[in-house]
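Hi,

Here is the structure I said I would pass on. Have a look first, and then read my notes.

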Amino acid sequence: MVFVGALRPLFAAGQSNAALIHFDGQTQVFRIDAGDISYVLGINEKKQLQAIYWGKRLSTADAFAMPHSDPGLSSFESSSNTTQQEFVGWGGGLYVEPDLKVTFPDGNRDVVLQYVSHRIDGSQLTILLKDVSREVYVELQYQIEATTGVLRRSAQVQNRTSAPLTVEEIASGTWNLPRGTDYRLRYLTGRWAGEWNLREQIIQPGKTILESRRGSTGAQNNPWFAIDRNGSNDQDHGEVWFGALGWSGSWQISIEQDAAQQVRVTGGPNRFDFGYLLAPGEHLQSPDFYAGYSHDGIGGASRLLHRFEISSILPHAPGPKLRPVLYNSWEATEFKVDEAGQEALAEKAASIGVERFVVDDGWFGQRSTDRAGLGDWYVNPEKFPHGLKPLIDKVHSLHMDFGLWVEPEMVNPNSDLYRKHSDWVLNFTGRPRTEGRNQLMLNLARPDVREYVFEFLDKLLRENDIAFLKWDYNRNWSEPGWPAVAPEDEKKVYIAYIQNLYSILDELRTKHPHVEIESCSGGGSRVDLGIMHYTDEVWPSDNTDAFDRLLIQDGFTYAYAPGVMMAWVTDSPTWVNQRTVSLEYRFLSSMQGSLGVGSNLNNWKPEDFATAKKMVTQYKQIREIVQRGSLYRLISPQNGSEQSVTESVSEDQRHAVVFAFLHSSQMLYPFPRIYLRGLKIDAMYRIEALDGKLSGNSPAVASGAFWMQHGVDVDLRGDFQAAAFTLELMDR
Ligand code: DGJ
């Protein structure tokens, strides 16, 4: 049996009763209601599974008629191209994006799917489709999360014929939007040190493809989309349909406006160079594709997604642990790590309240530059003559836990591992092996490589008291060959690699339940809902410039929760832009996410330690609001804005924290008034500045209505200024 997504457990069982899935046998209509959404589909007269409604929750009294296929527009735009199908095979003259494309050994490449049966099991609906003549089945899975109304969809192709077949394209499913021509698409683009750029475009007839062909998620596009009605939406108002793929390999999401002006969003593994040979009796499961709907604008959409990630995706969901304040050595020492140097940094980090000390790259093998050592996961005896234990003991004596950097999927040609196992890397026989950062990709799909990687990590965790792994991944695939298997099976690498990645993470977490993991990929190149199921936090970017980060963090939070977004305070001027900003500004920028410190503390003055200690203490007081709360974007940093302001409100609406940033004041203009959101209108809240920059005209206590309608002034003037304040509900 072949799985892709099957390792991921379903949502917490306790939620199933609150969600509603009904089937009306007379009309052949399925209705899913949860959170504030209704999702309706049915079986039409051709036995196709047809989308009927996806949007704001409807009354239970609302009934739907049996769906009828669209007649088509002309001989060129036939019925199957204009009927909004949930999952459609390539066959019968289909020109819109298919969900499945298969080649049979006899040359037939036609698949036409029809409804066979279904099963409703609490919050889960399973529908079986079958080709009109061949024993090819597709099991569609729908699962709804009760509170957020976020749906999970996936598909499983089953080969019940007596011969192998090749799956050339498989999607998790198609999301169909109500007919319309006024849609706007938002998506994320990026590159190393410049991730998380929010883009938007009007959806036109034709197709937009968001994708990665790189073997991993990539920063160039992130597997997330949001679609709203152009012109009638703003941050917190209007309809938004959004979704994200849970897949850390090459992926594709197509957004297509068809000839009948209907928008279809289809997503799954990337189709380029895909070809999965499925033997008789085997099945192939697609990744999970999640999607939701909000009528509270793009802000409401991201708040729903954040809530869903916290309650259903992250390890320990629905109660993932708060992120500790960490120190990371990378920007301070790069590869020059050793026992004495790291101990000295650890002492300084502990003095400002850091809770986790992380040694980055350079501690292992013959690793003194990025040209050697990857793959040789023994502690370097010159740098750590007594192993890691003395440093770990020291870190513990300072009341911090200990974390370590690893890059398990890579090997430098200059390593003992490569000298012994040069066949372990992705390669095509006899072809050059393209290096990236002087390293090659281990082929994790190979059972021996999987075993090696799991064994070294397991040993590391067994022999050392390690609380945290920073799991790095610093290049993309090239020459994706797997010469050890039959040529017709080689392309399975796209699936098998990611399966093994997930299974290693899963097994490590089961065996070492106290260990937390960060997903890092030279910055934010591997952030998606697949990897986030196994990792507690992610590294959004190597760009740690506190001003650039405002934009990066803003883009990131459209798709992912602030609580998983690690943000370090680093040195100024930054290596990125040579920009100098104050330590307070750098702290406030990082406090929008999960706080870390990456400065070279050896260069700090006593006043820097005092400032840092004060701000770390403040962060610990507000971190639950930032990491678990609802995020409101009050002033966006997008489009060259001179200001930006975010507000986080605790789930119970008793606490809020606001961060305000000014790029440069001009022409004596004051900082715009800040209008809060998400508070209880009638409750009284006390305002308190974290840094004394509130303007004198604010009362100390006022109603939620006052803070939201009258607003708050902050006294920010100059260049690169920042302020923060909190609100606390006063019990009468
Ligand atoms: C890339 C990461 O993003 C950095 O934080 C650091 O860990 C380096 N790799 C180490 O090689």
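Predicted model: local features only at pLDDT ≥ 70, side-chain atom pairs only at ≥ 80, totals over all residues.

Residues are numbered from 1 along each chain as its sequence is written, and side-chain values use heavy atoms, with hydrogens and water left out.

**The ligand**

There are 13 residues around the ligand, and D360, D361, K470, D472 and D542 come nearest (near means that a heavy atom of the residue lies within 4 Å). That shell is made up of six charged, four nonpolar and three polar residues. The classes work like this: Ala, Val, Leu, Ile, Met, Phe, Trp, Tyr, Cys and Pro are nonpolar, Asp, Glu, Lys and Arg are charged, and the others, Gly among them, are polar.

On its own the ligand has 290 Å² of accessible area, and the protein covers 98% of that (Shrake-Rupley method, 1.4 Å probe).

**The largest pocket**

Pockets and cavities were found on a 1 Å grid over the protein atoms alone: a cavity is a set of points where a 1.4 Å probe fits but cannot get out, a pocket is an open set with protein on both sides within 12 Å along at least five of seven lines, and lining residues have an atom within 4 Å of a point. Volumes are the space filled by probe spheres set on the points, which are joined across faces, edges and corners.

The largest pocket holds about 440 Å³. Its lining has 21 residues, with D296, G300, R303, L304 and S630 closest to the centre. Two or more lining residues come from each of β21 (288-294), α2 (297-313) and β32 (630-635), and α2 gives the most, with five. (Helices are DSSP runs of H or I with at least four residues, strands are E runs of at least two, and both are numbered from the N terminus.) The lining counts ten polar, seven charged and four nonpolar residues.

Where does the largest pocket lie? It lies between domain 1 (5-313) and domain 3 (633-729), because both give residues to its lining. The domain bounds come from an automatic or database assignment.

**Cavities**

At least three lining residues come from each of domain 2 (326-404 + 461-472 + 505-629) and domain 3. By class, the lining has eight nonpolar, six polar and two charged residues.

Most peptide bonds are trans, and most residues other than glycine have a negative phi. A317 and P318 are joined by a cis peptide bond, with omega about 10°; P318 is in the loop between α2 and β22 (326-328). Another cis bond links S572 and P573, with omega about 0°. M667 is not a glycine, yet its phi is positive, near 50°.

Cheers
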